[in-house]
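User: Hi! Could you walk me through this model? I have a few quick things to ask.

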Amino acid sequence: MLDLAYKYENEIKEKIMNTWYDEKYKFYHASSYHSSYECPQDDWNSRHFVSLDDNRNVIGLISYEIDRVYEIANNFGAINFTNNKLLFGRDLIQVIDDIFCRFNIRKIEFSCVVGNPIERSYDRIVKKFGGNIIGIRHKRCILHDNKFYDDKLYELFREDYLKSKQMKRRESNEHIF
């Protein structure tokens, strides 16, 4: 379940700080620099959501900025503070669906540090929804282990996403008959 992140700002701050030097989260930060999390209220230029479990506990954070000139959701960030991949994954897909279907933004751009365990999932999501892996930027990020890592760039377009949703709907309707 999704809710507005600013309502949970103190809890998010603590959870983010707990990830700073945790090996599990080194790829999320994509930097050796850490700063305190400041959660702006949603505005014209960005949106920030928490993923909640059934008890309304924060299990993750999903945010993105909006380039209004080019209608692009960029600087897309998602962090799961738990091992509840299924629930967080559903919320992540809901945010993507909202970007395209509710807010009518034409494109999503995001990146992932190569080697991040979530990289394969991002590859599958992009393939499933007709997106593209744009390329690899070599030695782009330095993580807290003081090593440089490549990052992979992705893009998804609204029209491709809508086509893939329509095809999925058709396929599920064919199985009914």
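This is a predicted model: local features need pLDDT of at least 70, side-chain atom pairs count only at pLDDT 80 or more; totals for chains, interfaces and linings use all residues.

User: Where does Lys-139 sit, and what is its phi?

Analyst: Lys-139 is placed in strand S6. Its phi is positive, about 45°, although Lys-139 is not a glycine. As background, most residues other than glycine have a negative phi.

User: And Arg-56, what does its phi look like?

Analyst: Arg-56 is not a glycine either, and it has a positive phi of about 65°. You'll find Arg-56 in the loop between S2 and strand S3 (58-67). With 39% relative accessibility, Arg-56 counts as partly exposed.

User: Which residues line the largest cavity?

Analyst: The lining is made of Phe-76, Leu-92, Ile-96, Ile-108, Phe-110, Tyr-122, Ile-125 and Leu-156. H3, S5 and H4 are the elements that give two or more residues to this lining.

User: How does the lining of the largest cavity divide by class?

Analyst: It has eight nonpolar residues, no polar ones and no charged ones.

User: What about the second largest pocket, what is its volume?

Analyst: The second largest pocket holds about 220 Å³ of space. The elements giving two or more residues to its lining are helix H3 (85-102) and helix H5 (158-176). H5 provides the largest share, with six residues.

User: Which residues line that pocket, and how do they divide by class?

Analyst: The lining consists of Ile-93, Asp-97, Lys-128, Phe-129, Tyr-161, Ser-164, Lys-165, Met-167, Lys-168 and Glu-171. By class, that gives four nonpolar, one polar and five charged residues.

User: Back to Phe-110 and Tyr-122 from the cavity lining. How many aromatic pairs does the model have?

Analyst: There are eight aromatic pairs. Phe-110 and Tyr-122 form an edge-to-face pair, with 5.3 Å centre to centre and 80° between the planes.

User: Which parts of the chain does that pair tie together?

Analyst: Phe-110 belongs to strand S5 (residues 107-113) and Tyr-122 to helix H4 (residues 119-128), so the pair ties together parts that are twelve residues apart in sequence. Phe-110 is buried, with a relative accessible area of 11%. Tyr-122 is buried as well, with a value of 13%.

User: Why is the pair of Tyr-122 and Tyr-154 called edge-to-face?

Analyst: That follows from the ring geometry: the planes are at 80°, and over 60 degrees counts as edge-to-face, so the pair gets that label. The ring centres of Tyr-122 and Tyr-154 are 6.2 Å apart. This pair links distant parts of the chain, with Tyr-122 in helix H4 and Tyr-154 in strand S7 (residues 148-157), 32 residues apart. Both Tyr-122 and Tyr-154 are buried.

User: Nice. Which residues form the aromatic cluster with them?

Analyst: One aromatic cluster is formed by Tyr-64, Phe-76, Phe-110, Tyr-122 and Tyr-154.

User: I'm also curious about charges over rings. Where does the charged end of Arg-47 sit?

Analyst: It sits over the ring of Phe-103, 3.8 Å from the ring centre. There is also Arg-68, which lies over the face of Trp-44 at 3.8 Å from the ring centre.

User: Two residues left on my list. What does Ser-51 contact, leaving aside neighbours within four places in sequence?

Analyst: On that basis Ser-51 is in contact with Met-1, Leu-2, Asn-57, Val-58, Ile-59, Gly-60, Leu-87, Phe-88 and Asp-91. Ser-51 lies in strand S2 (residues 46-52), and it counts as buried at 0% relative accessibility.

User: And Lys-147, where is its place?

Analyst: Lys-147 is in the loop between strand S6 (132-142) and S7. Its relative accessibility is 52%, so Lys-147 counts as exposed. With the neighbours within four places left aside, Lys-147 is in contact with Cys-141 and Ile-142.

User: Great, thanks!

Notes. Residues are numbered from 1 along each chain as its sequence is written. Side-chain values use heavy atoms; hydrogens and water are left out. On a 1 Å grid over the protein atoms alone, a cavity is a set of points where a 1.4 Å probe fits but cannot get out, and a pocket is an open set with protein on both sides within 12 Å along at least five of seven lines; lining residues have an atom within 4 Å of a point. Grid points are joined across faces, edges and corners, and a volume is the space filled by probe spheres set on the points. Helices (H or I, at least four residues) and strands (E, at least two) are DSSP runs, numbered from the N terminus. Ala, Val, Leu, Ile, Met, Phe, Trp, Tyr, Cys and Pro count as nonpolar, Asp, Glu, Lys and Arg as charged, and the others, Gly among them, as polar. Rings of Phe, Tyr and Trp (its six-membered ring) pair if their centres lie within 6.5 Å; planes under 30 degrees apart count as stacked, over 60 as edge-to-face and the rest as tilted. Buried means under 20% relative accessible area, exposed over 50%, partly exposed in between (1.4 Å probe, protein chains only). A charge sits over a ring if NZ of Lys or CZ of Arg is within 6 Å of the ring centre and within 35 degrees of the ring normal. Contact means heavy atoms within 4.5 Å.
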